[in-house]
Amino acid sequence: MSGVNGGNQDVDIDLGRVISAIWERKGRILGATIVAAAVALVGTSLMKPSYKSETRMLIESRSPNLSGGDAAAQANDPLLDSLNITSQAQLLQSTDLIKRVARDLNLAKLKEFDPAAQSFLPDPLVLIGLKQDPMKLDPEDRVIQEFRDKLNVYAVENSRVIAIEFSSRDPKLAAEIPNRMAEAYLKIQSGAKLDTHSETAKWLEPEIASLTQKVKEAEKKVADYRSSNGLFQTTETNSFSTQQLNDISTELARIRGERANAEARAENVRAALKAGRASDTLSDVVGSQVIQRLKEAEANLQAQISDSSTSLLEGHPRLKGLRGQLAGIRQQIESETKKILASLDNEAEMSRIRERQLMGQLNGLKADSAKAGEEEVGLRALEREAAAQRQLLETYLARYREASSRLEGNSSPADARVVSKAVEPSEPYFPKIIPIVIVVSLATFIFGCLIVIVIELFSGRALRPSGVRDDEEDIALEPAAPAPVAAAPLPVHQMQAEAARFDRPEPPRENPKHAAALAYAKIAEQSLSERESEEEDVAPEAEDRGFTIDSVAHYLQRHDVPVAIGISPGGDKGSTATVILARELAERGRTVVLVDMTGSATPTELMAENPKLPGITDLLCGETAFGDAIHPDRLSDAHIIPHGASDPARAMRGADRLSMIIDALADAYDLVLIECGPAEIAGISRLTRNAMAEIVLSVPGFRDEEVADLVTDFEAAGYSNLLVMTETGDRRSPRPGKRRAA
């Protein structure tokens, strides 16, 4: 806020002054709150209570199934979708339904539903013309308008249930009206179904009579056409001519088979006789009884000849007689065989003659059948017309029977039923005394506080000039010079004087890390003028200044140290000095990245824009990318990898990757500065695997004896590469022979 105090200086709101002003006027605010609560309590107590009740209806298809099987969907059955449910809800709010209920309950005589007729005082809004005079309306219209204001019909979400909600000052009326509306709705819906069935039956009666006459005429035409054209039916599918054609075809096939069989047998006998084979090998010859008797006689004669030849000579007359009889029998057998062949030929010839006769009959029937087929085209057309008329008549008869059976009042229920009737409410829904009193009290209290705040702001008492902020985003003060003050390294003796304030007991703060940030900002402000004069007297030999921040920075720059590990046994003061060292090196043109591995995250608080930025713990846990963990310093060109938001214990399980991360950073930056805080000697073993790493002991405020003990402990642990960084430049090495920082 600028310009409120009459100048161009920026001002801030003094929250302390605002709270004090509210506290000073607490009596008035509480008094006004109590008065408002009392007025709300009295007002709500004097209000006439209103009661609300609700009836719920389920919309469903209730067409009765009179066939006994699975009921098929009827054409006039409602489609139970969301649009149908919404439509039924609108029907429940129709004027006709409201009129019916209002007339049944005689609501026009109640003052609640016609307040204009029962009121003796004119309405002020009507007098000034802001409202239409309700007395100009019909009484029934006034009742309907008031009825609609008290009625609420809505469809329950994700269901087919419709709720009818009504409010009234009379609890009995609040319950009775929704129930009456549900009953009237069911009667209207059921009556609509009855009207539909009645109209259907009336329409079907003349149609059925007309169709009956048409069916008779169509069937008579079919019979006349069939008799006039000789299209007699032997079965439901075959005519007389078709049946004859089938019979002759069957007989012809049989005769052809017999002819072929007789020809084959005759050819077999003829071939045997021509070849001189024995006739007894032929089945047709062997089967003849004459042949069988001749064969028996032949066998007897041969037997006699055989017997006589043993006792008689060849020229004996008996033998000659027997041989003559045998030759005669054989001639008879050959003659009988030829007769069998002639009979087979006669049989084949008869079959051929019968075949020719049947073919003639078949050709005649084919011509008759073709003619009958042409005549059946007209017959089928007449039959189709008669079948269509008959089917339509049967359909109309079925619908007429169904419509006639549903003409009774209870036979056609409405497609809805009441699932929850309204009951007389025992408690009013309005006014809710306690909630109204609480809301009015809170509103009055808040409004009173806002009035006090506005008065204080406009009077200027709650405004103060902008100064040093405690917010970490405004730690650094920007002077008129082009370069920021904090970017320049500070003399360490000034930091020692300010850091001594940390040792004095202070009241507990919300975040102790902000104290270090504020101290550093004050150091920068106090040392601005001194730093400008000292920078002109800086000698090239920085090692003469002892273990100061400048000397350590000069040493790291001159020897091109790639990795430095900062150990701060003193805690946040040492970490703050490490941050100043990183900024000093960045000011000298080195690319520096500081890795915050402290427990208190002090470097993150001092350098990062937001302490919750992803950092080294997130990188070790694998929860962020490498590039996303590097952020710029707020006050210099240095970079920082913050502490991070992940669990440090889980991050240390991936500490094996820390050396790879440091090597990657060393390839990209001139110096990787790792601030470990008050770490133990054994805990930095994973960080010192790189032989080029330097260890910087940041010990501002430590005595020489304490520094000497620390150096001794580190040398005993095998760490000889030590740089000591104190807040003054006139300290000497605590141990003989120990090299200095430069």
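**Group meeting talk: a walk through the model**

Let me start at a proline: Pro425 sits in the loop between β5 (416-420) and α13. Before going further, please keep in mind that this is a predicted model. Is Pro425 buried or exposed? Pro425 is buried, with a relative accessible area of 14%. Setting aside neighbours within four places in sequence, Pro425 is in contact with Tyr51, Lys52, Ser53 and Pro171.

The charged end of Lys52 sits over the ring of Tyr429, 4.2 Å from the ring centre.

Now follow the chain into helix α13. This helix covers residues 433-459, which makes 27 residues. From first C-alpha to last, α13 reaches 39 Å, close to the 39 Å expected at 1.5 Å a residue. Which residues of α13 are buried? They are Val437, Ser441, Gly448, Cys449, Val452 and Glu456. What do they pack against? The partners of these buried residues are α1 (15-24) and α2 (26-46). Just after the helix comes Gly460, with a positive phi of about 85°.

Let's zoom out for a moment. The protein chain has 742 residues, and 37% of them count as buried. Its secondary structure comes to 23 helices and 13 strands. If we take contacts between residues at least 6 apart in sequence, 79% of them join residues at least 24 apart.

Next, the aromatic rings. How many aromatic pairs does a search of the whole structure find? The search finds four. One of them is Phe113 with Phe147, a tilted pair, 6.3 Å centre to centre and with 35° between the planes. Phe113 lies in the loop between α4 (95-105) and α5 (115-118), while Phe147 belongs to helix α7 (residues 139-150), so this pair ties together parts that are 34 residues apart in sequence. Phe113 has another ring partner, Phe166, and that pair is stacked, at 6.1 Å centre to centre with 15° between the planes. Phe166 lies in strand β4 (residues 161-168) and Phe113 in the α4-α5 loop, so here the parts tied together are 53 residues apart in sequence. Put together, ring pairs link Phe113, Phe147 and Phe166 into a cluster. As for burial, Phe113 has a relative accessible area of 0%, and for Phe147 the value is 0%. Phe166 is buried too.

A lysine belongs in this part of the story. Lys150 is in helix α7, and it is buried, with a relative accessible area of 17%. Beyond its neighbours within four places in sequence, Lys150 is in contact with Glu112, Phe113, Glu165, Phe166 and Ser167. Two of the ring-cluster residues, Phe113 and Phe166, are in that list.

Tyr154 lies in strand β3 (residues 151-155) and is partly exposed, at 29% relative accessible area. Not counting residues up to four places away in sequence, Tyr154 touches Glu54, Arg56, Val161, Ile162, Ala163 and Glu165. With Glu54 there is a side-chain polar contact of 2.6 Å. Tyr154 and Ile164, ten residues apart in sequence, are 7.0 Å apart in space, C-alpha to C-alpha.

Last stop: the nonpolar cores. The largest one has 33 residues, and the members that touch the most others are Ile567, Ile616, Leu665, Val672 and Ile674. Helices and strands both contribute: among the elements that each supply at least two residues are β7 (563-567), α20 (616-621), α22 (658-668) and β11 (671-675). Taking Val672 as an example, and leaving aside neighbours within four places in sequence, we find contacts with Pro562, Val563, Ala564, Val593, Val595, Ile662, Leu665 and Ala666. Apart from this core lies another, of 27 residues, including Ala102, Ile144, Leu173 and Ala416.

That's my tour, and I'm happy to go back to any of these spots on the screen. Thanks, everyone!

Technical notes: Residues are numbered from 1 along each chain as its sequence is written. This is a predicted model: local features need pLDDT of at least 70, side-chain atom pairs count only at pLDDT 80 or more; totals for chains, interfaces and linings use all residues. Side-chain values use heavy atoms; hydrogens and water are left out. Helices (H or I, at least four residues) and strands (E, at least two) are DSSP runs, numbered from the N terminus. The expected span of a helix is 1.5 Å times one less than its number of residues. Buried means under 20% relative accessible area, exposed over 50%, partly exposed in between (1.4 Å probe, protein chains only). Contact means heavy atoms within 4.5 Å. Rings of Phe, Tyr and Trp (its six-membered ring) pair if their centres lie within 6.5 Å; planes under 30 degrees apart count as stacked, over 60 as edge-to-face and the rest as tilted. A charge sits over a ring if NZ of Lys or CZ of Arg is within 6 Å of the ring centre and within 35 degrees of the ring normal. A nonpolar core is a set of buried Ala, Val, Leu, Ile, Met, Phe, Trp, Tyr and Cys residues joined through side-chain atoms within 4.5 Å. A polar contact is a pair of N or O atoms within 3.5 Å; within protein, one must be able to donate a hydrogen and the other to accept it, and residues adjacent in sequence count only if both atoms are side-chain atoms.
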